[in-house]
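The following report describes selected features of a protein structure. It moves from a metal site to the annotated domains, then to a helix, backbone geometry and charged pairs.

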Amino acid sequence: MQCLSESMKEDGPVDENSSVHAVDTDSVMQRFNVPFEYPVYFSRGVFSDPHNLTLQRAICRLEPHRRHRFVAVVDAGLANANPAIVQALQAYALRHADTLELVDAPRVLAGGEQLKHEPDAVRALQQWLHDQHIDRHACLVALGGGAVLDAVGYAAATTHRGVRLIRLPTTVLAQNDAGIGVKTAINAFGVKNFLGTFTPPFAVINDFDFIATLPARHCIAGMAEAVKVAAIRDRTFFDWLTAHASALANFEPNAMQWMIRRCAELHLQHISQGGDPFESGSARPLDFGHWAAHKLETLSAHTLMHGEAVAIGLALDTRYAVTIGLLEMPALTAMYTLLNRLGFRLWHDALDARDQSGRRRVLDGLTEFREHLGGELNVTLIKQIGKSVEVHATDEREVNAAIDWLQEQDRNRLHIGRKEVHCEMV
Ligand SMILES: NC(=O)c1ccc[n+]([C@@H]2O[C@H](COP(=O)([O-])OP(=O)(O)OC[C@H]3O[C@@H](n4cnc5c(N)ncnc54)[C@H](O)[C@@H]3O)[C@@H](O)[C@H]2O)c1
Ligand SMILES: [Zn+2]
């Protein structure tokens, strides 16, 4: 850690219209840097392969020779699909009893967005960490989708101001985005992710085998984040996604594994090299498509999954970029076609929900997004595939026109059938 403190004497500003002179202020400028690091392992068979030591190494990575206390939380969606998982975790701890001590039976938590709406669930986790004497050098291991990881992460981050969290993401979206980054959150006061922290995990383990039990709808949803990050950062990856769209739509393991890996790498690169890991500034390139997505999730009462809403948000903002003359039509065609081929429907009736004045309610998403950023609106758009740009104002008429366009495309799709829609697009 680098520390620097400067004694400073500031002359207070003089208000020329007033006879009052501000008093000199004595202050110390406190400044330090704290380096963060955490490993993200890509593995298979973390529990099923007896030779796989990834979790043990992750827990013990700073102090390999002492015994480590830990507790574990398992997403009920995973536990239902894979009933042996809880026992496998317990057996794993017993096999490594020289270095690991599982101090209580793993807790199975109902996963999905509902968990993030329940402050009592977070409170119960904190109470459990208290009862089990989980201190800042013990671990909480969480297996689950993005919602479980967000809520459990929030409980871990706020207990003792941060106990070690090891994430094992078990959905596509959690493996390629939600589970590998530095954010935790729960929803509150009707606003998504209103309460949360920036807290890097202690380690992340992406075990591709978990994806095998994931329902098709969730597999598709997670791919939206790959399209997003490719569109703003990496044309080659976008082209790869396009070339492998059929394989991905059929969830072919090699294609899925590479898609997850590359998407995760690009997200990690952005966090470590983007210059603003804890999002103090207003620019949020990784939130491309998200101002509408977050609002659509709420407007649809979360019947739209995060990834499904992101796909609509990407299509909307890409069309908008064309309507304001920022982007050429072929890029929109490429984006719309890819999302369609991966299995996304790029319309939801929530886009057309109106308030009493007849205004589309999704437009409130822009105001909420601006507030979330801290006052200045920053919407990420693309000027070509692989290159993003920030804009600070949006034209409501053109956003409406882009929504109308999405509706029209969707009607055509229903009319002519999903497969042909990309050929018919105008
Ligand atoms: N913290 C971040 O940086 C970040 C980034 C993006 C998204 N998110 C959040 O992530 C959440 C969405 O995450 P998600 O897409 O993983 O959905 P999810 O967590 O809602 O999980 C979807 C469903 O899959 C089930 N499930 C999980 N793993 C399974 C498995 N292996 N087999 C069968 N079922 C399984 C869950 O129980 C749930 O019902 C949203 O709340 C979003 O806000 C957070
Ligand atoms: Zn997202």
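## Zinc site

Glutamate 225 has a relative accessibility of 0% and therefore counts as buried. The structure discussed here is a predicted model. Glu225 contributes an OE atom to the zinc ion (ligand 2), and the other protein donors are His290 and His306, each through NE2. These donors lie 2.0 to 2.2 Å from the zinc ion. Along the chain, the donors of the zinc ion follow the spacing E-x64-H-x15-H. Because glutamate 225 belongs to helix H7 (residues 216-233) and histidine 290 to helix H11 (residues 290-299), the pair ties together parts that are 65 residues apart in sequence. Histidine 290 also counts as buried, at 3% relative accessibility.

## Annotated domains

The record places "domain: 3-dehydroquinate synthase N-terminal" at residues 109-219. Over residues 109-219 the chain is 33% helix and 29% strand, with the end C-alpha atoms 21 Å apart. The feature "domain: 3-dehydroquinate synthase C-terminal" is placed by UniProt at residues 222-353. Residues 222-353 are 67% helix and 0% strand, and the end C-alpha atoms of this span are 25 Å apart.

Helix H5 covers residues 146-158, 13 residues in number. From its first C-alpha to its last, H5 reaches 18 Å, close to the 18 Å expected at 1.5 Å a residue. H5 is mostly covered, with twelve of its 13 residues buried. Among the buried residues of H5 are Val148, Leu149, Asp150, Val152 and Tyr154.

Most residues other than glycine have a negative phi. Arginine 161 has a positive phi of about 55° although it is not a glycine. Arginine 161 is placed in the loop between H5 and strand S8 (164-169), and with a relative accessible area of 79% this arginine is exposed. Phenylalanine 189, likewise not a glycine, has a positive phi of about 55°. The loop between strand S9 (183-188) and strand S10 (191-198) holds phenylalanine 189, which is exposed at a relative accessible area of 70%.

## Nonpolar surface patch

Which residues form a nonpolar patch on the surface? Phe32, Val34 and Phe36 do so, and together they have about 300 Å² of accessible area. Phenylalanine 36 lies in the loop between strand S2 (25-33) and strand S3 (40-43).

## Salt bridges

Side chains of opposite charge can pair when their charged atoms come close. Across the whole structure, a search finds 24 salt bridges.

| Pair | Closest N to O distance |
|---|---|
| Arginine 67 and glutamate 101 | 3.8 Å |
| Lysine 192 and glutamate 113 | 3.0 Å |

Arginine 67 forms a salt bridge with glutamate 101. This pair links distant parts of the chain, 34 residues apart: arginine 67 is in the loop between helix H1 (54-59) and strand S4 (68-75), and glutamate 101 is in strand S5 (residues 100-102). Arginine 67 is partly exposed, with a relative accessible area of 42%, and glutamate 101 is partly exposed at 28%.

Lysine 192 forms a salt bridge with glutamate 113. The pair also links distant parts of the chain, 79 residues apart, with lysine 192 in strand S10 and glutamate 113 in the loop between strand S6 (107-109) and helix H4 (119-131). At 12% relative accessibility, lysine 192 counts as buried, because the cut-off for that class is under 20% relative accessible area.

Arginine 235 and aspartate 239 both belong to helix H8 (residues 235-243), where they are four residues apart, about one turn of the helix. An α-helix has 3.6 residues a turn, so residues three or four places apart point the same way. Arginine 235 counts as partly exposed at 43% relative accessibility, and aspartate 239 is partly exposed with a relative accessible area of 35%.

Beyond these pairs, a network of salt bridges links Asp234, Arg261, Arg262 and Glu265.

How values were computed: Residues numbered from 1 in each chain as written. Chains lettered and ligands numbered in written order. Predicted model: local features only at pLDDT ≥ 70, side-chain atom pairs only at ≥ 80, totals over all residues. Heavy atoms only, no water. Donors = N, O, S within 2.8 Å, 3.2 Å for Na, K, Ca; no water. Helix = DSSP H or I, 4+ residues; strand = E, 2+ residues; numbered from the N terminus. Buried < 20%, exposed > 50% of the residue type's maximum accessible area, 1.4 Å probe, protein only. Patch = residues over 30% accessible without salt bridge, like charges linked within 9 Å, V, L, I, M, F, W, Y side chains within 5 Å. Areas by Shrake-Rupley, 256 points an atom, 1.4 Å probe, with all protein chains shown as cover. Salt bridge = Lys/Arg side-chain N within 4 Å of Asp/Glu carboxyl O. UniProt positions renumbered as here; feature names shortened; annotations may be inferred. Expected span 1.5 Å × (residues − 1).
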